[in-house]
Amino acid sequence: MINNCLIINALLSTGGYVIAVRLIPGFRQKFIDKNRVGKDLCKKNKKEIPESMGVLIGLVFLVVLFLFIPVPFTLGEATKTGSKTATFPHEKFVELLVALLSIAVMMLLGFIDDIFDLRWRYKLVLPSIAMIPLLMVYAVYYNLTTIIMPKFLRTFVGYSLDIGALYYIYMGMLAVFCTNAINILAGINGLEVGQSLIISTSILLFNFIELSLGHQVDAHKFSIYLMLPFLAVSLALWKFNKIFMLL
């Protein structure tokens with residue numbers, strides 16, 4: 001189920017990849033001049049290489065999504081249908097903006113960590129704070145805190161269970177786990193961004209399978225809108241950050 005919005009998103013993502021591939025070598029010396037460097041321990045000569053390149057591709061990712069913002073709300077359901085104008089999907093618009101806000105905050109926190117080498121106690125708290133806008137929007141528009149139980153537990157607690165406020169605590173903890181599970185491997189050539197490639201590819205594959213089956217179409221489209229640009233810029237970084245460092 002490919003529509004115009006997905007095609008435009010794919011084209012913008014391709015453009016983001018091309019731009020990121022050009023920017024990374026161009027900014028290499030600038031990062032070195034600003035002393036944002038580390039030693040490549042996988043090489044015998046231990047040469048200095050630029051660090052914090054993630055913020056560069058993160059900016060490309062945000063630019064791609066900023067350019068994409070008008071697309072689903074002019075070519076999608078918010079356009080005119082016959083003689084009547086469809087209701088503008090305010091909740092979807094807010095969801096997209098808040099998702100970008102949370103991503104931008106996490107990028108800022110990541111860059112601050114690179115500069116100041118934050119202690120782990122801050123790394124555990126800050127991702128949860130960055131999730132607050134996203135959780136607030138979820139609470140306002142949906143506030144569904146019921147989870148489907150695994151089959152082996154349904155005999156004891158039933159098919160589903162409403163966990164209330166624990167749902168939001170869990171989501172905050174999930175943000176901490178996801179960010180630090182990748183960040184903890186920073187500095188190992190290709191492994192950090194390699195995880196991002198595997199995760200984003202898996203999510204996209206799942207989204208397209210579910211779209212083909214007609215399940216939760218809007219939710220999976222929204223996921224694709226975020227994941228395609230992420231995959232594209234991650235590929236650009238991986239190109240220069242493989243097992244054998246190319247920079």
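Hi everyone, thanks for coming. One thing to say at the start: what you see above is a predicted model. With that in mind, let's begin with the overall make-up. The protein chain has nine helices and six strands. It runs to 247 residues, and 36% of them count as buried. How much of the contact in the chain comes from residues 24 or more positions apart? If we take contacts with a separation of 6 or more, such residues account for 66% of them.

Let me start with helix 2. Quite a list of its residues is buried: Leu56, Ile57, Gly58, Val60, Phe61, Leu62, Val64, Leu65 and Phe68. And what do these buried residues pack against? Their partners are helix 1, helix 3 (70-74), helix 4 and helix 9.

Next, helix 4 and helix 5. As a reminder, two packed helices are described by the angle between their axes and the distance between the axes. Here the angle is about 175°, and the axes of helix 4 (residues 90-116) and helix 5 are 10 Å apart. Angles over 145 degrees count as roughly antiparallel, so that is the label for helix 4 and helix 5. If you'd like to follow the contact on screen, the helix 4 side is His90, Glu91, Val94, Glu95, Val98, Ala99, Leu101, Ser102, Val105, Met106, Leu109 and Asp113. Across from them, helix 5 brings Lys123, Leu126, Pro127, Ala130, Pro133, Leu134, Val137 and Tyr141. Sorted by class, the residues in this contact are 14 nonpolar, two polar and four charged.

With 18 residues, helix 7 reaches 26 Å from its first C-alpha to its last, close to the 26 Å expected. Which residues of helix 7 are buried? They are Tyr167, Tyr168, Gly172, Ala175, Val176, Asn180 and Ile182. These buried residues pack against helix 5 (120-141), strand 5 (146-148) and helix 8 (191-213).

Now for the aromatic rings. The structure holds seven aromatic pairs, and I'd like to show you two of them. One is formed by Phe61 and Phe230, with 6.2 Å from centre to centre and 85° between the planes, an edge-to-face arrangement. Phe61 comes from helix 2 (residues 54-68) and Phe230 from helix 9 (residues 217-239), so this pair ties together parts that are 169 residues apart in sequence. Are the two partners buried or exposed? Phe61 is buried, at 5% relative accessible area, while Phe230 is partly exposed, at 28%.

The other pair is Tyr138 with Tyr168. Their ring centres are 6.2 Å apart and their planes meet at 65°, so this pair is edge-to-face too. Tyr138 sits in helix 5 and Tyr168 in helix 7, so parts 30 residues apart in sequence are tied together here. The cut-off for burial, 20% relative accessible area, falls between these two residues: Tyr138, at 22%, counts as partly exposed, and Tyr168, at 19%, is buried.

Let's turn to Leu11, in helix 1 (residues 4-33). This residue counts as exposed, at 58% relative accessibility. How far is Leu11 from Leu228? In sequence they are 217 residues apart, yet in space their C-alpha atoms are 9.7 Å apart.

Last, two backbone details. Most residues other than glycine have a negative phi. Asn143, though, has a positive phi, near 55°. You'll find Asn143 in the loop between helix 5 and strand 5, and at 44% relative accessibility this residue is partly exposed. Gln216 also has a positive phi, near 45°. Gln216 lies in the loop between helix 8 and helix 9 and is exposed, with a relative accessible area of 60%.

How values were computed:
Residues are numbered from 1 along each chain as its sequence is written. This is a predicted model: local features need pLDDT of at least 70, side-chain atom pairs count only at pLDDT 80 or more; totals for chains, interfaces and linings use all residues. Side-chain values use heavy atoms; hydrogens and water are left out. Helices (H or I, at least four residues) and strands (E, at least two) are DSSP runs, numbered from the N terminus. The expected span of a helix is 1.5 Å times one less than its number of residues. Buried means under 20% relative accessible area, exposed over 50%, partly exposed in between (1.4 Å probe, protein chains only). Contact means heavy atoms within 4.5 Å. Axes are lines fitted to C-alpha atoms, for helices over the stretch in contact, and angles run from 0 to 180 degrees between N-to-C directions. Angles under 35 degrees count as roughly parallel, over 145 as roughly antiparallel, 65 to 115 as roughly perpendicular and the rest as oblique. Ala, Val, Leu, Ile, Met, Phe, Trp, Tyr, Cys and Pro count as nonpolar, Asp, Glu, Lys and Arg as charged, and the others, Gly among them, as polar. Rings of Phe, Tyr and Trp (its six-membered ring) pair if their centres lie within 6.5 Å; planes under 30 degrees apart count as stacked, over 60 as edge-to-face and the rest as tilted.
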